Amino acid sequence: RCKNLSVSFWNSYWMLPSDVCGMNCFWEAAFRYDYMKTHPSEKMHLAVVACGERLEETVTMLRSAIIFSIKPLHFHIFAEDQLHESFRDILDEFPYEGRVNYTLYPITFPSESAAEWKKLFKPCASQRLFLPLILKNVDSLLYVDTDILFLRPVDDIWSFLGKFNSTQIAAMAPEHEEPRIGWYNRFARHPYYGVTGINSGVMLMNMTRIRRKYFKNDMTPVRLQWGQILMPLLKKYKLNITWGDQDLLNIMFFHNPESLYVFPCQWNYRPDHCIYGSNCKAAEEEGIFILHGNRGVYHDDKQPTFRAVYEAIKSYSFGDDLVHSLLQPLEQELQKTTHTYCGRVYKVFIKQLTKSIRDLYVRRSKG
């Protein structure tokens with residue numbers, strides 16, 4: 001049915017290539033909707049940590065999550081106190097239609113070591129490490145950085161929870177696809193996961209399993225639980241880590257590799273995947289699923305392809321026609337970026353977005 005839709009109606013409407021959907025679409029959709037059928041009332045929990053000048057970026061991320069998602073969403077927003085009122089003013093105006101709720105939290109760290117955790121890497125970034133301990137009643141959670149944009153439903157990455165085997169507690173993407181430009185394998189002074197390390201900007205967690213697990217480590221022969229292992233890790237490696245909490249997660253999963261599910265690079269697509277030439281093959285084939293604009297690329301002119309996607313989603317008004325108000329203007333802007341390496345492959349930035357819009361209209365047509 002998915003393939004027939006793409007070949008008939010949607011090809012004639014948007015002139016899409018016939019291979020946009022195909023058998024991969026069929027099997028992905030079959031798995032997704034089978035998972036949804038067995039979890040019909042499940043609410044998806046998404047967490048983000050916002051400090052400093054991250055209000056607009058965070059709101060744009062939340063907007064992208066709302067546009068395409070199917071099941072209800074609950075946002076857990078950890079923010080500095082002075083940002084709470086602004087978040088409420090903006091989010092209360094969103095047309096949730098009963099599908100979205102949010103909770104605001106203060107930034108909190110263990111009292112005896114709060115100063116150390118807060119200054120680790122970027123302000124407040126290490127808050128993510130304590131989410132399993134703070135959100136004690138949340139079974140599973142998708143954590144994302146503020147500079148994330150969803151180009152397909154959150155439901156689709158959420159469904160990876162159903163693919164975890166009995167030992168896996170979290171899912172992340174590799175830090176690099178190409179070892180020759182990898183940071184961890186060339187410069188790290190601490191253990192890291194796999195060949196090139198993992199990136200924690202998109203992290204799917206079964207928090208019930210995280211809270212129950214006893215982790216192997218290189219500090220003691222005794223296995224430690226999540227709340228017990230964080231401070232000893234920081235004390236041992238704080239002079240050797242560069243990327244803060246992400247480095248601590250790499251160390252943790254180096255010693256417990258069986259606990260990690262690794263998803264492909266199109267679920268966490270960053271500038272490193274195209275600024276030296278395209279090296280995320282999965283995105284070339286299927287498009288980008290989640291865009292990660294790290295290094296501030298949404299707000300400068302270094303990577304105009306990333307900035308164009310950010311500006312398009314930020315400017316989109318809920319309820320407007322997605323084709324004429326989002327997709328078409330974005331493609332026109334992307335065509336202006338072909339002087340850059342990322343711009344040369346700009347079609348990967350709209351391939352999945354096009355499909356997500358089409359799928360959304362199909363769902364609406366079915367009521």
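C265 has 4% relative accessibility, so this cysteine counts as buried. The model it sits in is predicted. A disulfide joins C265 to C280, with 2.0 Å from S to S. The link of C265 and C280 is right-handed, with 95° about the S-S bond. Both cysteines lie in the loop between β10 and α12 (281-286), 15 residues apart. C280 also counts as buried, because its relative accessibility is 1%.

The count comes to three disulfides. Another one pairs C274 with C342, and their sulfur atoms are 2.0 Å apart. This link is right-handed as well, with 85° about the S-S bond. C274 lies in the loop between β10 and α12, while C342 belongs to helix α15 (residues 341-344), so the pair ties together parts that are 68 residues apart in sequence. C274 is buried at a relative accessible area of 0%. C342 counts as buried at 1% relative accessibility.

C51 and C124 also form a disulfide, with sulfur atoms 2.1 Å apart. The torsion about their S-S bond is about -100°, so this disulfide is left-handed. C51 lies in the loop between β1 (44-50) and α3 (55-68), and C124 in the loop between α5 and α6; the pair therefore ties together parts that are 73 residues apart in sequence. C51 counts as buried at 8% relative accessibility. For C124 the value is 0%, so C124 counts as buried too.

The loop between α5 (114-118) and α6 (131-134) also holds S126. S126 has 0% relative accessibility and so counts as buried. Leaving aside neighbours within four places in sequence, S126 is in contact with F109, W117, K118, L120 and D245. S126 and Q246 are 120 residues apart in sequence, yet 8.4 Å apart in space, C-alpha to C-alpha.

Now turn to the sheet. Seven strands form an open sheet in the order β3-β2-β1-β4-β7-β6-β10, with mixed pairing. β3 (100-105) and β10 stand at the edges with a single partner strand each, so one side of each is left without a neighbour in the sheet. From one strand to the next, the twist averages 25°. Helix α11 (residues 245-255) packs on the sheet and touches β6, β7 and β10. The direction of α11 makes about 65° with that of β7.

Take the pairings in turn. Strand β2 (residues 73-79) and β3 pair in the parallel sense over six bridges. Here I77 stands opposite L104 in β3. β6 pairs with strand β7 (residues 198-206) in the antiparallel sense, over four bridges. In this pairing A173 stands opposite N199 in β7. β6 runs parallel to strand β10 (residues 260-262), joined by three bridges. A171 stands opposite Y261 in β10. Five of the five residues of β6 (residues 170-174) are buried, so this strand is largely enclosed by the rest of the structure.

Helix α14 (residues 322-334) has buried residues too: L322, V323, L326, L327, L330 and L334. At the start of α14, a side-chain oxygen of D321 reaches to within 3.2 Å of the backbone nitrogen of V323.

Step back to the whole protein. Its secondary structure comes to 16 helices and 11 strands. Buried residues make up 58% of the 367 residues. Among contacts between residues at least 6 apart in sequence, 72% join residues at least 24 apart. The protein exposes about 16,100 Å², of which carbon and sulfur atoms supply 52%.

Methods
Residues numbered from 1 in each chain as written. Predicted model: local features only at pLDDT ≥ 70, side-chain atom pairs only at ≥ 80, totals over all residues. Heavy atoms only, no water. Buried < 20%, exposed > 50% of the residue type's maximum accessible area, 1.4 Å probe, protein only. Helix = DSSP H or I, 4+ residues; strand = E, 2+ residues; numbered from the N terminus. Polar contact = N/O pair within 3.5 Å; in protein donor to acceptor, adjacent residues only side chain to side chain. Pairing = 2+ DSSP bridges. Contact = heavy atoms within 4.5 Å. Areas by Shrake-Rupley, 256 points an atom, 1.4 Å probe, with all protein chains shown as cover. Axes fitted to C-alpha atoms, helices over the stretch in contact; angles between N-to-C directions. Disulfide = S-S within 2.5 Å.
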